[in-house]
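Hello,

Here is the structure I promised to pass on to you. Please have a look at it first, and then read my notes below.

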Amino acid sequence: MQARRTLRDLERVQEQIGDLKGLRTGRVSLRVAEGVVAGLLAPTLADLGQHYPRLRFDIQIASAGEIVEALRSGDADIGLAFFLPHHDDIQPFASSSLEHHVVMAPSHPLAGRGELRLAEIAEHPLALPDEHYGVRQALDEAARDQGVTLMPTFHTASLETQKALALAGAALLILPPMAVARECRDGRLASVPLAPGELSRTRLDLCLHRHRQRSFATDACLGLLASALQGLGDQD
């Protein structure tokens, strides 16, 4: 790990030299929640690549806790996470809040509902991440407050696995709508909002280490991602 950190520090020095020369080069290392990739991250980085074709991006999927550790170690320049705990050395650069919906196959008996309660979905097979993930912790807390116990049939943090289970009609999911926007547009999945008060709106944080110097590449990426987050808030 120390060798990797030293190499990354040397790379940052080279990026700073490139910045001074106006080369607009560099690499940005991102640790992100999987649910933001299709609806937020991919289109933003595509736009950034059009403006700065010499930038390079290292993208890894991670939980909120893993994102914090990667920012602290220098393995990540930028984090994008749901349910990020407060840490003095991790700086939220921009934030937005999103609703979570119940996602299912269009043929599911709950698919035509206008809204759903946790007590209703608890009666059906669920696919949820385990207790290490913030969304699961928030769901369990909300369920306890309502006297409901969530007993998932499937434990998986993989978004693709969750979607495959829903597409097969095997489980309900709890996700932000942008995570399944394409599948819902194509009619392959359906999403139903949770009833008001069932689950608090989810904060999505764009964050970085408070004391690490930023390169041009990191600043350019932060600026566009912050604008994209603002756009999510404007849609509500």
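A word on terms to begin with: two residues are in contact when they have heavy atoms within 4.5 Å. This is a predicted model, where local features need pLDDT of at least 70, side-chain atom pairs count only at pLDDT 80 or more, and totals for chains, interfaces and linings use all residues. Residues are numbered from 1 along each chain as its sequence is written, and side-chain values use heavy atoms, with hydrogens and water left out.

Let me start with Ala122. Leaving aside neighbours within four places in sequence, Ala122 is in contact with Val148, Thr149 and Leu150. Val148 is 26 residues away along the chain, and its C-alpha atom is separated from that of Ala122 by 7.5 Å. Ala122 belongs to the loop between helix 4 (118–121) and strand 6 (127–128); helices (H or I, at least four residues) and strands (E, at least two) are DSSP runs, numbered from the N terminus. With a relative accessible area of 25%, Ala122 is partly exposed, since buried means under 20%, exposed over 50%, and partly exposed in between (1.4 Å probe, protein chains only).

Helix 3 covers residues 64–73, and its buried residues include Ala64, Ile67, Val68 and Leu71. After helix 3 comes Gly74, which has a positive phi, near 90°.

As for the whole protein chain, it has eight helices and 10 strands. Of its 236 residues, 47% count as buried. Among contacts between residues at least 6 apart in sequence, 77% join residues at least 24 apart.

Best wishes
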